[in-house]
Amino acid sequence: MDDFPKVLCGWSWEENKLFELALAVVDEQAPDRWEVVATMVGGKKSAEDVQKHYVILLEDLQVIESGKLDHKLGEAQPCVQVDCTQSICWTDEDNNLLVRLDIS
């Protein structure tokens, strides 16, 4: 998985998966929620890093659910938002990597 491009603000695929799992198991009301999530991600991210990553996730979900995407599924290359001013589009090589790694 080390070959997977770090396109999500410096987050690896593994870190994103651990982040998602941590969000699923750590109580939203826990006073130390972000510290626990940061630890579960592997300890390389701060509580502030994971909280910012969560805000980005919520913003992405809001855009997806609002129907404001400017393309239809399957018509454009998959893109991942890096920040509010830049997107990185996946290439065919990136997609082939996903197939080789059996990620879907």
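1. Let me start with E20, which is partly exposed, as its relative accessible area is 41%. This residue is found in helix α1. Please keep in mind that we are looking at a predicted model.

2. A quick word on the overall layout. The protein chain has 104 residues, and 25% of them are buried. Its secondary structure comes to 4 helices and 2 strands, and reading along the sequence gives the pattern α-α-α-β-β-α. If we take the contacts between residues at least 6 apart in sequence, 40% of them join residues at least 24 apart.

3. How do α1 and α2 meet? Their axes come within 8 Å and cross at roughly 140°. The two helices are therefore oblique to each other, and α1 passes α2 in a right-handed crossing. On the α1 side the contact is made by E15, L18, F19, A22, L23 and V25, and on the α2 side by R33, W34, V37, M40 and V41. By class, the residues of this contact are 9 nonpolar and 2 charged, with no polar ones.

4. Next comes the pairing of α2 with α3. The axes of α2 (residues 33-41) and α3 (residues 47-66) come within 8 Å, with a crossing angle of roughly 95°. That makes α2 roughly perpendicular to α3. Here α2 brings R33, W34, E35, V37, A38 and V41 to the contact, while α3 brings A47, V50, Q51 and Y54. The residues of this contact divide into 7 nonpolar, 1 polar and 2 charged.

5. Which residues of α2 are buried? They are R33, W34, V37, A38 and V41. Viewed down the axis of α2, these buried residues fall within an arc of 130°, so they line one face of the helix. As for what covers the buried residues of α2, the list includes α1 (13-25) and α3.

6. Is Y54 buried or exposed? Its relative accessibility is 18%, and because buried means under 20%, Y54 counts as buried. This residue is found in helix α3. Setting aside the neighbours within four places in sequence, Y54 is in contact with F19, L23, R33 and W34. Among these, F19 and L23 also take part in the contact of α1 with α2, as do R33 and W34. The C-alpha atoms of Y54 and W34 are separated by 9.6 Å, and the two residues are 20 apart along the chain.

7. D32 lies in the loop between α1 and α2 and is partly exposed, with a relative accessible area of 39%. Its C-alpha atom and that of A47 are separated by 8.9 Å, with the two residues 15 apart along the chain. Just after α2, G42 takes a positive phi of about 130°.

Methods: Residues numbered from 1 in each chain as written. Predicted model: local features only at pLDDT ≥ 70, side-chain atom pairs only at ≥ 80, totals over all residues. Heavy atoms only, no water. Axes fitted to C-alpha atoms, helices over the stretch in contact; angles between N-to-C directions. Parallel < 35°, antiparallel > 145°, perpendicular 65-115°, else oblique. Contact = heavy atoms within 4.5 Å. Nonpolar A, V, L, I, M, F, W, Y, C, P; charged D, E, K, R; others polar. Buried < 20%, exposed > 50% of the residue type's maximum accessible area, 1.4 Å probe, protein only. Arc of directions from axis to C-beta. Left-handed = near helix turned anticlockwise from the far one by under 90°.
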